[in-house]
Amino acid sequence: MLQKGNKAPDFTLAASPDKKITLSDLRGKNVILAFYPADWSPVCSDQMALYNEMLRFFERHNAVLFGISVDGEWCHKAFAKDRNLHFDLLADFEPKGAVSRQYGVYKDGVSQRALFVIDDQGVIQWSYLSPIGENPGADGILQALETMAKTA
């Protein structure tokens with residue numbers, strides 16, 4: 001798993017059937033990547049709902065949030081609509097898990113439950129691997145963003 005100080009590998013993933021996100025296009029913003037195993041699972045649903053509620057706090061730190069799993073963009077679209085999510089879910093679908101592998105968080109056919117906070121220059125400033133059955137919450141993300149703001 002990539003750690004603090006590593007350059008975040010660039011990628012382009014589908015956010016919807018007609019929208020793609022490229023990490024390097026987001027230079028100048030802090031980026032939160034929340035890798036998770038699967039749409040519709042109870043823990044993932046709770047985790048993404050929590051982050052949806054925390055968006056305004058992330059935005060105060062000039063941060064944009066993306067969820068990433070190996071589900072396809074159509075599955076993400078239905079999940080986001082059903083859960084009323086206001087951030088993009090990225091499909092690490094084809095080739096399956098390619099971005100998860102780059103970040104060192106692919107295992108047994110799914111993305112692990114991992115968090116990365118990337119600064120506005122594309123360098124990882126914080127990462128965390130959660131047990132797959134536990135919601136990691138948002139405290140670590142917020143602490144990382146606050147630390148980055150203090151050292152900026």
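Tutor: Tryptophan 40 is found in the loop between strand S3 (30-35) and helix H1, helices (H or I, at least four residues) and strands (E, at least two) being DSSP runs numbered from the N terminus. The model is predicted, so local features need pLDDT of at least 70 and side-chain atom pairs count only at pLDDT 80 or more, whereas totals for chains, interfaces and linings use all residues. Residues are numbered from 1 along each chain as its sequence is written, and side-chain values use heavy atoms, with hydrogens and water left out.

Phi of tryptophan 40 is near 80°, a positive value in a residue other than glycine. Most residues other than glycine have a negative phi, and most peptide bonds are trans. Proline 95 is placed in the loop between strand S5 (88-91) and helix H3 (98-102).

Beyond the loop of tryptophan 40, H1 covers residues 42-59 and packs with H4 at an angle of about 10°, the two axes lying 11 Å apart. Axes are lines fitted to C-alpha atoms over the stretch in contact, and angles run from 0 to 180 degrees between N-to-C directions. H1 is therefore roughly parallel to H4, a term for angles under 35 degrees. On the H1 side, Tyr51, Met54, Phe57 and Phe58 make the contact (heavy atoms within 4.5 Å), and they meet Ile141, Leu142 and Leu145 of H4. By class, this contact has 7 nonpolar, no polar and no charged residues; Ala, Val, Leu, Ile, Met, Phe, Trp, Tyr, Cys and Pro count as nonpolar, Asp, Glu, Lys and Arg as charged, and the others, Gly among them, as polar.

The wider fold gives the setting. The protein has 4 helices and 9 strands, in the order β-β-β-α-β-α-β-α-β-β-β-β-α from the N terminus. Its radius of gyration, taken over C-alpha atoms, is 14 Å, close to the 15 Å given by the globule rule for 152 residues, so the protein is as compact as a globular protein of that length. That rule is 2.2 Å times the number of residues to the power 0.38. Along the principal axes, the C-alpha atoms fill a box of roughly 40 × 30 × 30 Å.

Notes: Parallel < 35°, antiparallel > 145°, perpendicular 65-115°, else oblique.
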